[in-house]
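Colleague: I am new to this one. Could you walk me through it?

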Amino acid sequence: MSSSRSATAGLPAWTLEPGKPAMAHVPRFADAAEAAEWLGSVHAELRTALHRHGAVYLRGLPVRDVEDFAAVRDVLVPRRTPYREKATPRSSYGNDVYSSTDLPPNQPIRMHNENSYTLTFPGLLLFSCLTAPEEGGATPVADCREVLRRIPSPLVERMRSAGWLLTRNYSEHISLDWRTAFAADTRERAEKYCADNLISCEWDASGGLRTRQLRPGIIRHPQTGEEVWFNHMAFWNSWSLDEEIREALLDEFGPDGLPFETGLGDGVPLTRDELDAINAAYEGATVREAWQPGDVLLVDNVLATHGRDPFRGDRRIVVAMGDPVDLAGCRPTVPPAPGEERAA
């Protein structure tokens, strides 16, 4: 197909295979600028497909570097969203383009919705592969509507009525420090952010910070109205850690000093079996595709979770976030609050 025909072609049919995300093999384009023009012409079709599938792959785009990716991003995700309440290290490449994560390659990243603990979060995530790993390293996704259907009803009802509680301890030793997490250079600025965002906070004698926040774990998509499981509870619960790592952290810091801990807002601790049931629901809904250079993955952050598989070899996946969504517009089943209000 010539480039002039490519620029006016419609969206190809989606390929749907068991265990894999919806994928479209796009027409051939001369460069990223021509691809961006085409993406603009099929934008409405893409959003319809995204609402249906939660996440969609586009294969064959001429995305070779950060500048190409930014050109595609400006069409697909024109309204940008900052990375708030940072939790994991990532590199900035400028122009609101980041590495997907800088965590070591042997560490898997469990399924989660980006910034599910903030009052405003990205509605869209855009990933692209600049360098594919030799082995592993997929960015798996799972439909949050399906995850909700798979979770045992007693846990769903507890989440629906009580929400989930996040406790974080900020340290320069085992997690991001509070200055990085809150983009604050003074205690007063960190405290103001917490007050403005319904987060309780307290300082310890060594200058460390502990925060707690209650958030709804079940919300509705702002456009489709569909109910979804939307939270970081399993990702950051200590039962999800490797057993040896969990025991080492508990021995070193105690149950109140872990960098992350979660629970339901009713104050009743989750059991290992309950966390296993939630993780099984994610796994049952998860699909994945091995990255190829130039691949683009568009994720509706409310309808789908994402994670990362361990990998070997060089891997360069870039990400951009946008289309900000206010939690208040998602009909949360529990109002957000500082953690101490509902922790008992």
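Colleague: What volume does the largest cavity have?

Modeller: About 250 Å³, where a volume is the space filled by probe spheres set on grid points joined across faces, edges and corners. This is a predicted model, in which local features need pLDDT of at least 70, side-chain atom pairs count only at pLDDT 80 or more, and totals for chains, interfaces and linings use all residues. Residues are numbered from 1 along each chain as its sequence is written, and side-chain values use heavy atoms, leaving out hydrogens and water.

Colleague: Why is this called a cavity?

Modeller: Because, on a 1 Å grid over the protein atoms alone, a 1.4 Å probe fits at its points but cannot get out. The count comes to one cavity of 30 Å³ or more.

Colleague: Which residues line the largest cavity?

Modeller: There are 23 lining residues, meaning those with an atom within 4 Å of a point. Nearest the centre lie Arg90, Ser100, His112, Glu114 and His306. Among strands (DSSP E runs of at least two residues, numbered from the N terminus), β17 gives the most, with three residues.

Colleague: How much of the protein chain is buried?

Modeller: Buried residues, those under 20% relative accessible area with a 1.4 Å probe and protein chains only, make up 55% of the 344.

Definitions and conventions
On a 1 Å grid over the protein atoms alone, a cavity is a set of points where a 1.4 Å probe fits but cannot get out, and a pocket is an open set with protein on both sides within 12 Å along at least five of seven lines; lining residues have an atom within 4 Å of a point. Helices (H or I, at least four residues) and strands (E, at least two) are DSSP runs, numbered from the N terminus. Buried means under 20% relative accessible area, exposed over 50%, partly exposed in between (1.4 Å probe, protein chains only).
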